[in-house]
Amino acid sequence: MVGGLAPPPEEEEHERELDAQRQVIFVLESAQLEIAQVGKSYQLLNCDDHANYLLKHKKDPALFRPDITHQALLTILDSPLNKAGKIKGIYIHTVKNVLIQVNPKVRIPRTFKRFCGLMVQLLQKLSIRATNGPDKLLKVIKGPVTKYFPANAKRIGFCERADLQPMQTYVQQHLDDTVPSVFIVGAFAHGEVDSSYADVEIAVSQYSLSAAYALARITNAMEMKWGIL
């Protein structure tokens with residue numbers, strides 16, 4: 001007994017140590033975040049507002065879907081997994097090879113128009129600071145993204161041609177709580193995610209899933225695994 005207090009039982013101390021090791025990292029791969037001067041101002045290009053501009057510059061408007069990244073970020077940040085402090089990092093890798101680090105504590109605008117304004121500001125200034133402190137909530141960093149992963153992290157990619165298995169089954173049977181998990185999810189409408197740096201690829205549905213829905217399956221499975229309600 002120290003200072004009149006009994007030490008915590010070994011089981012409780014072990015559980016706290018294990019809980020501290022439970023970490024998840026997300027990578028939104030091949031996100032379409034590109035700004036250009038349209039008229040007198042710089043804007044985040046998207047298929048709805050800039051179709052004529054994109055066609056004029058011989059680009060396919062259907063590829064310009066920054067709304068997918070917006071929805072994906074909201075899904076991650078709103079999750080109980082994030083609110084429980086289990087998300088160690090969020091990274092966005094764009095098709096233009098720009099790498100963005102997202103602080104899991106950031107509050108992303110909920111409307112797409114305001115999100116576009118934030119991305120324009122970020123891609124011009126390279127960082128967004130908190131209004132009430134020195135912390136950078138969003139910042140452009142040097143790649144590759146893999147150098148920001150813990151050395152022992154397990155990297156999981158997703159591919160429709162990979163072995164199909166329920167997400168909850170996979171995380172229960174194949175993920176070790178003492179090893180950080182990196183989930184690589186494509187942030188585009190059509191195509192295959194670049195999982196060249198993944199250790200394993202899995203399929204979690206027989207159907208094509210939106211990035212936001214795939215992320216919801218991942219966060220929910222990890223929450224169930226760790227008892228986060």
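What share of the chain's 229 residues counts as buried? It comes to 46% of the 229 residues, where buried means under 20% relative accessible area, exposed means over 50%, and partly exposed is anything in between, with a 1.4 Å probe and protein chains only.

Before I go on, a word on what we're looking at. This is a predicted model, so to speak of local features we need a pLDDT of at least 70, side-chain atom pairs count only at pLDDT 80 or more, and totals for chains, interfaces and linings use all residues. Residues are numbered from 1 along each chain as its sequence is written, and side-chain values use heavy atoms, with hydrogens and water left out.

Okay, the overall picture. The chain has seven helices and ten strands; helices (H or I, at least four residues) and strands (E, at least two) are DSSP runs, numbered from the N terminus. Along its principal axes, the C-alpha trace spans about 75 × 45 × 30 Å. Leucine 122 is in helix α5, residues 112–125, and with 0% relative accessibility it counts as buried.

Now, charges. Side chains of opposite charge can pair when their charged atoms come close. We call it a salt bridge when a side-chain nitrogen of Lys or Arg is within 4 Å of a carboxyl oxygen of Asp or Glu. How many salt bridges does the structure hold? Six.

Let me show you some of them. Lysine 59 bridges to glutamate 34, with the closest N and O atoms 2.7 Å apart. That pair links distant parts of the chain, 25 residues apart: lysine 59 is in the loop between α2 (51–56) and α3 (66–78), and glutamate 34 is in the loop between β1 (24–31) and β2 (35–38). Lysine 59 is partly exposed at 29%, while glutamate 34 is buried at 12%.

Next, aspartate 67 and arginine 65 meet in a salt bridge at 2.8 Å, N to O. Here aspartate 67 is buried, with a relative accessible area of 16%, and arginine 65 is partly exposed at 25%.

And then there's lysine 225 with aspartate 177, at 3.5 Å, N to O. Lysine 225 lies in helix α7 (residues 211–226) and aspartate 177 in the loop between α6 (167–174) and β9 (181–186), so this pair ties together parts 48 residues apart in sequence. Buried or exposed? Lysine 225 and aspartate 177 are both buried.

Let's move to the rings. Rings of Phe, Tyr and Trp (its six-membered ring) pair if their centres lie within 6.5 Å; planes under 30 degrees apart count as stacked, over 60 as edge-to-face, and the rest as tilted. By that rule we get five aromatic pairs. Take phenylalanine 158 and phenylalanine 183: the ring centres are 6.4 Å apart and the planes are at 25°, so this pair is stacked. It links distant parts of the chain, with phenylalanine 158 in strand β8 (residues 154–158) and phenylalanine 183 in strand β9, 25 residues apart. Phenylalanine 158 counts as buried at 17%, and phenylalanine 183 counts as buried at 0%. Ring pairs also bring in Phe26, giving a cluster of Phe26, Phe158 and Phe183.

Last stop, the backbone. Which peptide bond is cis, with omega near 0°? The one from glycine 143 to proline 144. Proline 144 lies in the loop between β7 (136–141) and β8.

Then two residues with positive phi. Lysine 58 isn't a glycine, but it has a positive phi of about 60°. You'll find lysine 58 in the loop between α2 and α3, and it is exposed, with a relative accessible area of 81%. Leucine 126 is not a glycine either, and its phi is near 75°. Leucine 126 is in the loop between α5 and β6 (127–129), and at 45% it counts as partly exposed.

That's my tour; over to you.
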